[in-house]
Amino acid sequence: MKVFCGRANPTTGSVEWLEEDEHYDYHQEIARSSYADMLHDKDRNMKYYQGIRAAVSRVKDKGQKALVLDIGTGTGLLSMMAVTAGADFCYAIEVFKPMADAAVKIVEKNGFSDKIKIINKHSTEVTIGPGGDMPCRANILITELFDTELIGEGALPSYEHAHRHLVQENCEAVPHRATVYAQLVESRRMWSWNKLFPVRVQTSLGEQVIVPPLELERCPGAPSVYDIQLNQVSPTDFTVLSDVLPMFSVDFSKQVSSSTASHSRQFEPLASGQAQVVLSWWDIEMDPEGKIKCTMAPFWAHSDPEELQWRDHWMQCVYFLPEEEPVVQGSALCLVAHHDDYCVWYSLQRTSPEKDGRAHPARPVCDCQAHLLWNRPRFGEINDQNRTDQYVQALRTVLKPDSVCLCVSDGSLLSILAHHLGAEQVFTIENSAASHRLMKKIFKANHLEDKINIIEKRPELLTPADLEGKKVSLLLGEPFFTTSLLPWHNLYFWYVRTAVDRHLAPGAVVMPQAASLHMMVVEFRDLWRIRSPCGDCEGFNVHIMDDMIKHALDFRESKEAEPHPLWEYPCRSLSEPQQILTFDFRQPVPPQAICAEGAIELRRPGRSHGAVLWMEYHLTPDSMVSTGLLKPAEDKGYCCWNPHCKQAVYFFNTTLDPRVPPGGPQTVTYTVEFHPHTGDVTMDFTLSAVTGAHASPSGRP
């Protein structure tokens with residue numbers, strides 16, 4: 001059956017209704033899931049297997065049957081491990097129906113249907129007793145309900161319910177315990193992901209400083225954690241202010257509470273500085289003795305960095321204190337971890353909250369609008385003074401004393417730059433209520449509320465009255481829009497330029513004047529794992545899961561490239577970067593498609609996992625801003641990526657290994673097409689080593 005799905009097109013700005021398969025959303029979730037990454041996580045798999053064997057043995061040693069409850073079974077892998085370890089029966093719960101259906105097939109394929117029952121329900125809906133989903137309570141509880149923050153996927157409420165209704169008192173649990181660790185640091189780089197710094201603008205009248213509103217400085221920030229690959233943050237980017245502190249533990253073999261709680265740890269700062277950021281991670285102990293441990297620690301806090309397991313489904317956490325606080329070396333303080341049922345946050349206190357009797361502080365909520373409008377990389381982008389200077393230099397070449405400027409970007413400071421550099425009048429379009437309120441606050445803090453006019457409406461609805469009857473001589477954009485995920489989604493600027501064409505004066509300047517789409521073939525150090533078929537996992541056949549993901553990836557949107565911040569995911573270039581499409585913003589969007597065909601020669605040996613694509617914006621003929629590669633790759637091909645932007649990755653389903661290229665250098669031929677009507681960029685690749693085989697996003701064979 002077909003259904004109509006509404007979709008806001010990030011490139012054109014229009015709302016589209018598309019006919020999709022009724023299981024469309026299921027396919028999207030499967031295609032974008034981390035199942036492959038989890039199955040490739042050998043450290044996780046083996047630690048779970050060891051813990052399960054030990055738990056089953058302890059139950060058997062008591063002369064009891066080993067009855068297992070596996071919550072969030074996924075492929076059924078942990079249940080199959082339990083049966084192989086000697087469990088008498090497993091009840092495997094999986095709420096996501098396509099995954100539960102796949103688990104039934106995988107369990108049957110591996111010959112465990114008589115020992116494993118897949119229950120397609122949420123664990124809170126499972127019934128116990130005669131005629132129920134389970135005849136009696138289980139005495140072994142196995143779960144994998146964790147995210148990077150540990151509790152963000154609802155682990156605590158699920159455990160709380162399971163202990164009350166589904167498992168025996170003092171049951172065996174795998175994992176047995178989790179511990180959350182934290183380290184207090186000072187980091188200008190990471191703090192720039194959370195607060196707006198003063199922005200300096202060199203003008204003909206001297207330096208002007210754009211100051212953040214007091215509301216923004218005092219705002220506790222967004223409640224969500226910033227999860228990143230902390231191993232890719234250089235230790236030179238932060239100053240350690242505390243030892244690694246164990247903040248709190250959860251014993252999963254006993255009753256768990258999801259109520260709000262606080263846990264404090266007194267410490268003496270290792271150095272004086274500004275306390276700004278808390279780096280956090282966790283480990284899980286699979287057994288009561290703590291001998292079988294799986295840790296998410298970054299390399300500098302890992303007991304054996306050489307054994308560090310790369311994984312993307314669990315990373316590390318960056319939390320921001322509500323405000324930066326000075327600390328003095330050796331002067332005792334308390335770091336406090338607070339959590340409710342789904343969220344963790346931190347505060348720094350002079351005395352323990354247990355001693356002064358203070359209530360648990362509420363989860364931080366943004367009240368300044370900035371954290372609602374700008375994500376963490378966007379904060380970093382706005383705070384990048386070098387980037388600001390580049391825009392200032394470009395603006396100087398196009399601004400005139402009588403310039404009437406119209407700025408089109410979400411929550412951009414370009415309008416302020418244009419005013420300080422001498423524009424006669426400046427208008428800025430802010431589509432959303434959040435960006436409108438934020439910009440009003442920033443203008444007011446800088447005494448510009450009467451100097452810059454904010455227009456809160458969609459660009460195509462702009463009227464001459466909104467512009468006070470004036471024609472625009474300079475149309476500006478970064479371009480940045482909050483709805484953009486892939487690099488070319490910011491081509492929305494081009495559609496805006498087209499919509500406001502009648503408001504432009506003859507000879508009006510558009511900045512940026514053009515954009516170009518660039519591409520390079522790369523070998524990833526680790527990221528390929530998220531799209532790589534697993535086949536056999538720890539001796540169990542999970543080909544059905546591979547086929548399920550491959551089928552999901554055949555759906556239209558799943559064939560697109562995926563956004564990834566490649567500064568977190570090291571890769572080597574196997575080809576030189578190549579410009580493949582250009583977009584001339586000086587002219588309206590053309591009615592016909594823009595196409596490119598060509599070939600990229602692979603110049604370095606390695607496995608071609610996929611193509612990386614990014615945009616470059618040509619502000620003026622002499623000024624360019626890249627959202628991707630920032631400088632030529634090193635001799636061995638290692639790349640330096642723009643840390644404020646996500647690049648697009650198109651995974652190949654076949655990887656070349658051109659160590660011994662037959663008949664000369666190998667190439668990747670491509671066809672890339674921009675469709676003006678839909679704003680979509682479609683692409684197709686052919687790998688020269690497998691004649692006629694077309695690439696699609698699925699990963700390494």
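Okay, let's start inside helix H15, where Tyr 492, Phe 493, Trp 494, Tyr 495, Val 496 and Arg 497 are buried. Buried here means under 20% relative accessible area, exposed means over 50%, and partly exposed is in between, with a 1.4 Å probe and protein chains only. H15 covers residues 492–499, and with six of its eight residues buried, this helix is mostly covered. What do the buried residues of H15 pack against? They pack against strands S20 (404–408), S23 (472–476), S24 (504–511), S30 (578–584), S31 (594–601) and S35 (667–675). Contact, by the way, means heavy atoms within 4.5 Å. And the labels: helices (H or I, at least four residues) and strands (E, at least two) are DSSP runs, numbered from the N terminus.

A quick word on where this comes from. This is a predicted model, so local features need pLDDT of at least 70 and side-chain atom pairs count only at pLDDT 80 or more, while totals for chains, interfaces and linings use all residues. Residues are numbered from 1 along each chain as its sequence is written, and side-chain values use heavy atoms, with hydrogens and water left out.

Now let's zoom out. The chain has 16 helices and 37 strands. Its radius of gyration is 28 Å, close to the 27 Å that the globule rule gives for 701 residues, so the chain is as compact as a globular protein of that length. That radius is taken over C-alpha atoms, and the rule is 2.2 Å times the number of residues to the power 0.38. Of the 701 residues, 57% count as buried. And if you take the contacts with a separation of 6 or more, 77% of them come from residues 24 or more positions apart.

Next, another covered helix. H4 (residues 77–84) has seven of its eight residues buried, so H4 is largely enclosed by the rest of the structure. The buried ones are Leu 77, Leu 78, Ser 79, Met 80, Met 81, Ala 82 and Val 83. Just after H4, Gly 86 takes a positive phi of about 115°.

So who packs on H4? Two packed helices are described by the angle between their axes and the distance between the axes. H3 (residues 42–61) packs with H4 at an angle of about 40°, with the axes 9 Å apart. The axes are lines fitted to C-alpha atoms, for helices over the stretch in contact, and angles run from 0 to 180 degrees between N-to-C directions. H3 and H4 are therefore oblique to each other. For the cut-offs, under 35 degrees is roughly parallel, over 145 roughly antiparallel, 65 to 115 roughly perpendicular, and the rest oblique. On the H3 side we have Arg 44, Asn 45, Tyr 48, Tyr 49, Ile 52 and Val 56, and they meet Leu 77, Leu 78, Met 81, Ala 82 and Thr 84 in H4. That contact divides into eight nonpolar, two polar and one charged residue. Nonpolar covers Ala, Val, Leu, Ile, Met, Phe, Trp, Tyr, Cys and Pro, charged covers Asp, Glu, Lys and Arg, and the others, Gly among them, are polar.

Here's a second pair. The axes of H5 (residues 97–109) and H16 (residues 543–552) come within 9 Å and cross at roughly 150°. That makes H5 roughly antiparallel to H16. From H5, Pro 98, Met 99, Ala 102, Lys 105, Ile 106 and Lys 109 meet Ile 544, Met 545 and Met 548 in H16. By class, that contact has seven nonpolar, no polar and two charged residues.

Let's finish with some single residues. Which residues does His 40 touch, not counting those up to four places away in sequence? His 40 touches Gln 309, Arg 529, Ser 532, Pro 533 and Cys 534. His 40 sits in the loop between H2 (35–39) and H3, and its C-alpha is 7.6 Å from that of Cys 537, 497 residues apart along the chain.

There are cis peptide bonds to spot as well. One runs from Glu 478 to Pro 479, with omega near -10°, and Pro 479 is in the loop between S23 and H15. Another runs from Met 511 to Pro 512, with omega near 5°.

Last up, positive phi values in residues other than glycine. Gln 369 has phi near 80°, and Gln 369 is buried, at 11% relative accessible area. His 447 has phi near 55°, but His 447 is exposed, at 64%.
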